[in-house]
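Please look over the sequence and the structure before reading on.

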Amino acid sequence: MADRWVQPVTLQGRLVRLEPLSEAHLDGLAAVGLEPSVWRWTVTQPHDRETLQAWLEAAVANRRAGIEMPFATIDVASGRAVGSTRFMSIVPEHRRLEIGWTWVAPLWQRSGANREAKYLQLRHAFEVLGANRVEFKTDSLNEKANPGLLGIGATFEGTFRNHMIMPGGRLRHSNYYSVIVDEWPRVRAALEADLARGTERAAESAGRRAS
C-alpha cells in the first residue's frame, strides 16, 4: 500500500472525525444506520446487521485492493459512529477521484456533520493529495443531495441517463458534479464561512437553553 496515491488517514474536524472504516465500526453503524431512508438512493440497501456487515466487508475489501478509501464518520461530541463516506473512482494518473457512498444517520442529519465531512475530504484531496478534480454523483431524483452538492460549491456537469439499475428495477439517471483545483480556494472559503456560522448558531442556541 505504500506506493498508493490515497493512503489511510484520519481527518479531524470540529463536529466529526473521519477514520478508516473497519470491522470495529459495525456495531456502532448498525445501531444508527438501518433506517430505510438512509439507503433509499443507493444500489446496495442494507436492512439488518448481516446485510450491513456485507456492505462494510465489501468496502474494506475495496480499500485493501486499493480502489477505494472508506471512512467511518464519528461524531466528536459523543464518540459514536454516525455514518460513512469514502474516496472512490480513484485515478492517480490523472489525479482525479470521487467522494461518494456518503450517508449520515437521521439524528445527525442537518447538524453540519455531512458538510464538515465533505470539507475535510475536499481539503485533503486538494491540499494533501494534490488532486486536480473531485467529483460527485447522485440519483437525479434525490431531492436533498442535488441541491446539497450545489450548496457546497460543486458545479453541475450533466446527467448520465440510464446509468444504473436500482433495487426493484428502476433505471436511475445519475447527476454528476465536480470541484476542480482552480475552484478550491473559493469553495474552501465559502465552506469555512458556512461552518463558522453553524458554530455561532450552535453557541447561541446553547446560551438560550442555559439562560
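Is Trp 55 buried or exposed? Trp 55 has a relative accessibility of 5%, so this residue counts as buried (under 20% relative accessible area is buried, over 50% exposed, and in between partly exposed, with a 1.4 Å probe and protein chains only).

## Basis of the model

The model is predicted: local features need pLDDT of at least 70, side-chain atom pairs count only at pLDDT 80 or more, and totals for chains, interfaces and linings use all residues. Residues are numbered from 1 along each chain as its sequence is written, and side-chain values use heavy atoms, with hydrogens and water left out.

## The sheet

Helices (H or I, at least four residues) and strands (E, at least two) are DSSP runs, numbered from the N terminus. Two strands pair if DSSP finds at least two bridges between them.

S4 and S5 run antiparallel and are joined by 6 bridges. Within this pair, Arg 86 stands opposite Gly 100 in S5. The two strands form a hairpin with 4 residues between them, and Arg 95 in the turn has a positive phi of about 50°.

Strand S5 (residues 96-104) and strand S6 (residues 133-139) run parallel, joined by 3 bridges. Leu 97 has Val 134 in S6 as its bridge partner, and Glu 98 has Glu 135 in S6.

S5, H3 and S6 make a right-handed β-α-β unit (right-handed if, with the strands pointing away from the viewer, the path from the first strand over the helix to the second runs clockwise).

## Aromatic pairs

Rings of Phe, Tyr and Trp (its six-membered ring) pair if their centres lie within 6.5 Å; planes under 30 degrees apart count as stacked, over 60 as edge-to-face and the rest as tilted. The count by this rule is 10 aromatic pairs. The ring centres of Trp 55 and Trp 103 are 6.2 Å apart and their planes are at 65°, so this pair is edge-to-face. Trp 55 lies in helix H2 (residues 49-65) and Trp 103 in strand S5, so the pair ties together parts that are 48 residues apart in sequence.

Trp 103 is also buried, with a relative accessible area of 5%. One aromatic cluster is formed by Trp 39, Trp 55, Trp 101 and Trp 103.
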